[in-house]
Each structure stands twice: as structure tokens, then as C-alpha cells.
Amino acid sequence: MMEKRLIYPVVIGEFHDDGDYFVASSPNIPGMVTQGDTLADAAYWSEDAIATMIDEMPEYPASADPSGWQLAANERIVYVSVDMPKWLQANSKTIKKTITVPKYLSDLAKERGINVSKVATEALAKIVLD
């Protein structure tokens, strides 16, 4: 089972060449780059950038030990926590699934105006997220 909460070290550099801003990248997640107006913004947006990059990976990358990383004078390491279930819940698209239910239950649900997809989604979420 994949971890629910992941923690990745990211490298955040501070720049003043075209205004003041911070750029974050992660050697753990090739291609992950984001930025913010402040160090806190860059760390905040790093969670979304990491989650976006690893969303469809069959396994999440292991968190690397940053102790051997060479940093420039304007860079620092910040640990970013990524709550994948929460991120997936907020950012997932819906997909069509076909389920089989007894006819009498389907008829009763229809009579009572019950949305079967909603009930199935809520039940599945309770099972996998608890």
C-alpha cells in the first residue's frame, strides 16, 4: 500500500534578478519545479507540484537523503509534506465505472431519488481512506 503522507526534501533558491522570488525543485522528482513570492509560498506550491508529478506513478519515489547534495549560496533544503489522499480528493477527475446491484435495490433507489454513484463513491472513500 502506498504511503498516505509523504515527505520530500526540496531545494529552494532565493533570487533577486527580476524582482524577489523563490524557486523550488526536487532531485527526488525529476522535472518538478515551482516558485513563489516567498519561501513559504515556494514550499506551499511544492506540495502541489510534487503531487501532480507523482499522481499517476505506480509507486511513489523514495525520499532521498539530502546530506550529500551540493547547494549554492542562495539555496536551502526544505522538507515538504505531501498528503496524497487529501490532494487526490481535491484534484481527482471522475471516471465512469460500471457496477452491478440487485434489481430490487436499483428500483428502490430510483423511486427514492437516491444517486447510486454518490452512495458508491462515499462508501468506497470510507473504506479506502479510513
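My entries on the salt bridges follow.

Entry 1. I'm working with a predicted model, so I keep that in mind throughout. I searched the whole structure and got four salt bridges. I wrote up three of them here, including the one between Arg 5 and Asp 83.

Entry 2. I started with Arg 5 and Asp 83, whose side chains come to 3.2 Å, N to O. Arg 5 sits in strand E1 (residues 5-15) and Asp 83 in strand E4 (residues 75-83), so this pair ties together parts 78 residues apart in sequence. Then I asked myself: is Asp 83 buried or exposed? Its relative accessible area is 17%, so Asp 83 is buried. Arg 5 has 48% relative accessibility, so I noted it as partly exposed.

Entry 3. Next I checked Glu 14 and Arg 76, and found a salt bridge with the closest N and O atoms 3.1 Å apart. Glu 14 is in strand E1 and Arg 76 in strand E4, 62 residues apart, so I put this down as a link between distant parts of the chain. Glu 14 is partly exposed at 26% relative accessibility, and Arg 76 is partly exposed too, at 35%.

Entry 4. My last pair was Lys 103 and Asp 107, with the closest N and O atoms 2.8 Å apart. How many residues separate them in helix H3? They are four residues apart in that helix (residues 103-111), which means about one helical turn lies between them. Lys 103 is exposed at 60% relative accessibility, whereas Asp 107 is partly exposed at 34%.

Methods:
Residues are numbered from 1 along each chain as its sequence is written. This is a predicted model: local features need pLDDT of at least 70, side-chain atom pairs count only at pLDDT 80 or more; totals for chains, interfaces and linings use all residues. Side-chain values use heavy atoms; hydrogens and water are left out. Helices (H or I, at least four residues) and strands (E, at least two) are DSSP runs, numbered from the N terminus. Buried means under 20% relative accessible area, exposed over 50%, partly exposed in between (1.4 Å probe, protein chains only).
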